[in-house]
Amino acid sequence: MDTFVQQLINGLNVGAIYALIALGYTMVYGILRLINFAHGDVYMVGAFAGFYIALYAGFAAGASLGTLILVLLGAMIIAAVVGMIIERFAYRPVRKYSRMTTLIMAIGVSLLIENLFVAQIGATPRAFPDFLGSQSQAPYRLFGNAAISKAQIVIFLVSIALMLLLQWIVFKTKVGTAMRAVSFNLNSAKLMGINTDAIISLTFAIGSALAAAGGVLTAQYNPNIDPLMGILTGLKAFVAAVLGGIGNIPGAVLGGLLIGAAETLVVGYGHHIGIASTYRDAVAFAILILVLLLRPSGLLGSTVQEKV
Amino acid sequence: MKRTSLALLLITTLCFSFACERRGSGTNATDGGGEIVIGYYGDLTGRTASFGVSTKNGVEMAADEINKAGGIMGRKVRVIVEDDQGEPNKAATVVSKLVNQDKVAAVLGEVASSNSLAAAPKAQEAKIPMISPSSTNPNVTQVGDFIFRVCFIDPFQGDVMAKFAANNLKAKRAAILYDFNADYSRGLREFFTRSFKGLGGQIVAEQSYTQGDRDFSGQLTQIRAANPDVIYVPGYYGEVGVISNQSKQLGIKAPLLGGDGWDSPQLWELGGASLNGNYISNHYSVDDPSPAIQKFVADYKSRYSILPDALAALGYDSMRVLADAITRAGGTDGTKLRDAIAQTKNFAGVTGSISIDKDRNAVKPAVVLKLQDSKFVYDTTIYPEGMTPPASSAASPPAPGYASPAAATSPATGAPAPPPPTKAASPSPSNR
């Protein structure tokens with residue numbers, strides 16, 4: 001029992017990170033009907049932004065929760081700017097063309113970011129500083145053998161806080177109302193006097209900042225960061241967004257947590273049903289195929305036909 | 001206009017990546033009186049870059065020392081370095097280039113067994129000897145009779161850790177967490193299991209991961225539930241540092257045991273304090289008081305301002321073994337050079353006395369190191385079957401001058417693994 005609970009904690013911990021990234025996918029899709037494949041790389045940029053802030057500000061020496069929050073905010077701001085630059089210079093110019101053009105552009109941007117990073121700093125993994133001291137500290141015991149480490153607690157709390165903040169922005173602020181208006185119908189929103197370009201830009205900024213938070217937080221649990229870290233994680237977060245219902249914000253969170261839990265449970269218990277632990281990466285994509293076959297709109301997605 | 005600038009940016013990026021690849025090409029080795037060109041390939045920018053860079057440092061330092069001492073038979077040595085980014089298919093490509101385009105006399109590399117296995121057939125086809133400094137998977141040298149290594153092999157390395165776990169740590173229950181896609185890791189898992197069971201131990205859990213994985217908590221949770229005394233993790237430093245970290249976050253107290261794949265300064269950055277109390281098997285220890293090792297360590301440190309890891313030492317030894325063989329072969333003819341390397345006996349390397357056996361592997365002892373406060377601390381030495389430990393350290397001071405091969409290689413023949421010069425051979429403390 002304690003092992004099962006532990007696996008669930010592990011899975012939700014990974015899932016919280018997927019959820020943070022999936023939010024960016026789903027928000028951009030909701031507004032532009034665009035799968036932003038460069039989003040996983042923004043997550044990587046966020047982790048590296050945090051790494052270099054910590055390095056140049058000398059934060060690693062006086063590591064604590066406070067400095068982690070500072071690094072987190074810095075990384076989120078940098079990633080937000082990167083997200084806006086990508087939108088402004090890569091997606092906006094081709095927005096008027098077919099959706100396929102934008103999709104190909106997204107793949108191009110993704111490869112460009114990855115290869116620029118590899119060319120500049122090499123593919124060698126870097127070690128993210130341990131702000132919480134969880135490397136040397138015993139975890140908090142729950143019951144039996146089940147335990148939760150400081151890094152895991154921080155990951156849960158910060159991601160929940162960010163998700164609540166997003167929910168508040170989208171449903172309780174004027175900007176959020178404008179975002180929802182744009183996602184209903186871009187042209188009508190424009191007619192209502194909404195600066196749609198600014199709203200789209202802001203959507204990219206928010207999504208990118210959430211991904212960067214995911215990057216910095218995951219590095220507290222797994223300090224190994226490299227320029228290609230966003231590929232697989234980004235794809236799994238995309239699957240999470242599809243599973244929850246792409247375009248649906250609570251769906252992205254639910255999808256992220258489910259994918260994380262499914263992965264870890266496969267590692268833990270897969271061998272009982274003949275699935276080796278090395279299939280963990282395949283599980284997310286098997287889920288993608290099943291969702292597309294059985295329920296293309298996802299768990300929480302609306303089944304209403306879109307009027308064109 | 002906007003699209004033009006984007007296109008320009010793309011083109012510039014592409015040009016950069018091509019420019020990187022073109023370095024080091026366009027040379028031709030002449031066989032005869034000119035310089036001797038040696039190829040080195042390794043992972044200089046990929047996930048195991050620390051291995052490739054350390055080995056390259058060792059190779060280049062040895063080449064410079066040889067050149068300073070007058071070269072090999074008066075001919076200067078030049079090393080052409082190729083980066084394979086740690087990918088097997090790229091390793092095969094760069095070795096093809098080295099043997100076919102650069103016409104190197106011999107190839108040194110790789111560290112990771114999967115990369116050596118992919119590249120070795122290219123050297124074998126071209127009948128150019130290849131010496132792997134540190135690939136320990138037994139299959140590497142079985143590719144062909146031109147493929148050698150100057151390190152011990154995994155059946156021995158797995159055996160060493162199994163013996164250490166059973167005899168020194170008194171472990172009865174072991175768990176294994178291995179890299180499913182690495183020949184190195186799969187090999188060590190197999191040999192450790194066989195040996196540990198043979199010593200009366202039990203494997204209570206076995207889990208795997210693949211290189212590039214970031215979350216190991218699922219596997220570690222299952223291992224924790226099996227309550228092992230020790231956990232054998234025969235992986236590479238990039239993942240191992242994180243595994244150690246996450247095992248402590250799960251409250252696992254059993255020590256992790258590993259192999260030479262852990263040996264990298266980066267391990268400490270990734271694993272930090274969580275690594276304390278773990279053990280690895282390795283090729284040599286920087287703490288070894290033998291004058292030859294201490295001279296190597298001091299020279300390396302003054303040149304690169306970092307302590308040499310085992311991969312640097314093996315890179316250094318591979319270059320010196322090759323230089324010695326070229327001298328004995330009297331030139332760089334592929335077949336003659338192959339035979340000369342195969343006849344290497346009791347070569348005094350910094351990683352111990354090197355003798356090449358009939359399977360083209362080196363027969364050497366291994367050391368067990370304990371990880372403590374960002375240092376690998378010497379714990380014990382374990383000798384292969386039939387090799388008795390010397391009274392002092394195995395390595396004697398390096399032979400002066402490469403022009404005289406007799407000084408470096410004794411013409412000893414006979415037993416497959418003759419003991420190094422000993423005074424009073426005491427029975428091994430930890431070997432059967």
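**Reading a helix crossing in chain A**

The crossing of H1(A) and H9(A) is right-handed (a crossing is left-handed if the near helix is turned anticlockwise from the far one by less than a right angle, and right-handed if clockwise). This is a predicted model, in which local features need pLDDT of at least 70, side-chain atom pairs count only at pLDDT 80 or more, and totals for chains, interfaces and linings use all residues. Residues are numbered from 1 along each chain as its sequence is written, while chains are lettered from A and ligands numbered from 1 in the order in which they are written.

Q: At what angle do H1(A) and H9(A) pack, and how far apart are their axes?
A: Two packed helices are described by the angle between their axes and the distance between the axes. Here H1(A) and H9(A), the latter spanning residues 229-244, pack at about 70° with axes 8 Å apart. They are therefore roughly perpendicular (65 to 115 degrees).

Q: Which residues of H1(A) meet H9(A)?
A: Contact means C-beta atoms, placed from the backbone, within 7 Å. In H1(A) the residues are Tyr18(A), Ala19(A), Ile21(A), Ala22(A), Tyr25(A) and Thr26(A). Their partners in H9(A) include Lys236(A) and Phe238(A).

Q: How many residues does each chain give to the contact of chain A with chain B?
A: Chain A gives 34 residues and chain B gives 38. H1(A) gives the most to the chain A side, with five residues.

Q: How much of chain A is buried?
A: A residue is buried if 20 or more other C-beta atoms, placed from the backbone, lie within 10 Å of its own. Buried residues make up 54% of the 308 residues in chain A.

Note on methods
Two residues are in contact if their C-beta atoms, placed from the backbone, lie within 7 Å. Helices (H or I, at least four residues) and strands (E, at least two) are DSSP runs, numbered from the N terminus. Axes are lines fitted to C-alpha atoms, for helices over the stretch in contact, and angles run from 0 to 180 degrees between N-to-C directions. Angles under 35 degrees count as roughly parallel, over 145 as roughly antiparallel, 65 to 115 as roughly perpendicular and the rest as oblique. A residue is buried if 20 or more other C-beta atoms lie within 10 Å of its own, exposed if 12 or fewer, and partly exposed in between; C-beta atoms are placed from the backbone.
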